[in-house]
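Reader: I'm new to reading structures, and I'd like a close look at just one part. Could you walk me through the salt bridges here, taking your time over the details?

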Amino acid sequence: MRKLFQADLINLGEQLIQITTLVHAAMEKAYTAFENIDLQLAEEVIAADVQIDRLQVELDEKAIELLALQGPVASDLRMIVGALRMSTSLERMGDLARHIAQLTRLRYPDRVAPDVLHPVFEKMSKLSTQISARLITLLETRELHLVAEIHALNEQLNDLHASVFTIVAAEDWQQSAATSVDSSLVSRFFERFGDHGVSVANKVDYLVTGAWDSREH
């Protein structure tokens, strides 16, 4: 029974990696659709989010089953509860990529945001996918130096998010109210994607060290 339980714990970890990989791909595709006004790709991102949601439900159901039936000891309990909480953050990251794709679909054939913001959003997209790529490696290897790297990337993302509001609030901003709202939303989606990435990274750190990070969002 113990061997089966340990196999189940390993499987939870593998499921987290699978979900994170899908989330990473979703954000890459969502930004490509956003930048290129690619309606078909946007639709693919929206449709693919169903798989992320399904995998999260499957992981959560298995984790709850293990909690109910196995009576895990402290270290195993941390793993199971951590997996439950990480899966929630990862599902939200998938939702945020979907939101960007949905805005692309909503405004098609027009761009969601004006040209002046696209260099900023390109940087935000790269930082977001760097965070999710490092999350995949962190979950695979438990190399904790990646936690600090994810925090640093997220700080850059936060700075860019703040810069978008500075641009939108400037006196020379001549865009419509709808464009202002859409631009602010896209920036917010990237910023929250990074925050959830930090949350997952902090939980991996906790699983490895047993010490909780006060920077948890």
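Author: Let's start with Glu 43 and Arg 105, whose side chains meet in a salt bridge with an N to O distance of 3.1 Å. This pair links distant parts of the chain: Glu 43 sits in helix H2 and Arg 105 in helix H3, 62 residues apart. Keep in mind that you're looking at a predicted model. How open are these two? Glu 43 has a relative accessible area of 34% and Arg 105 has 35%. Buried would need under 20% and exposed over 50%, so both values fall in between, and Glu 43 and Arg 105 are each partly exposed.

Now hop over to helix H4. The side chains of Glu 122 and Lys 126 form a salt bridge too, at 3.6 Å from N to O. Because these residues are four apart in H4, about one helical turn separates them. Glu 122 is partly exposed at 37%, and so is Lys 126 at 47%.

Helix H4 also reaches out to a neighbour in sequence. Arg 134 and Glu 149 meet in a salt bridge at 2.8 Å, N to O. Arg 134 lies in H4 and Glu 149 in helix H5, so this pair ties together parts 15 residues apart in sequence. Again, you'll find partly exposed side chains: Arg 134 has 27% relative accessibility and Glu 149 has 31%.

Some salt bridges share partners, and that joins Asp 49, Arg 92, Asp 95 and Arg 98 into one network. Across the whole structure, the search turns up 14 salt bridges.

Terms used:
Residues are numbered from 1 along each chain as its sequence is written. This is a predicted model: local features need pLDDT of at least 70, side-chain atom pairs count only at pLDDT 80 or more; totals for chains, interfaces and linings use all residues. Side-chain values use heavy atoms; hydrogens and water are left out. A salt bridge is a side-chain nitrogen of Lys or Arg within 4 Å of a carboxyl oxygen of Asp or Glu. Helices (H or I, at least four residues) and strands (E, at least two) are DSSP runs, numbered from the N terminus. Buried means under 20% relative accessible area, exposed over 50%, partly exposed in between (1.4 Å probe, protein chains only).
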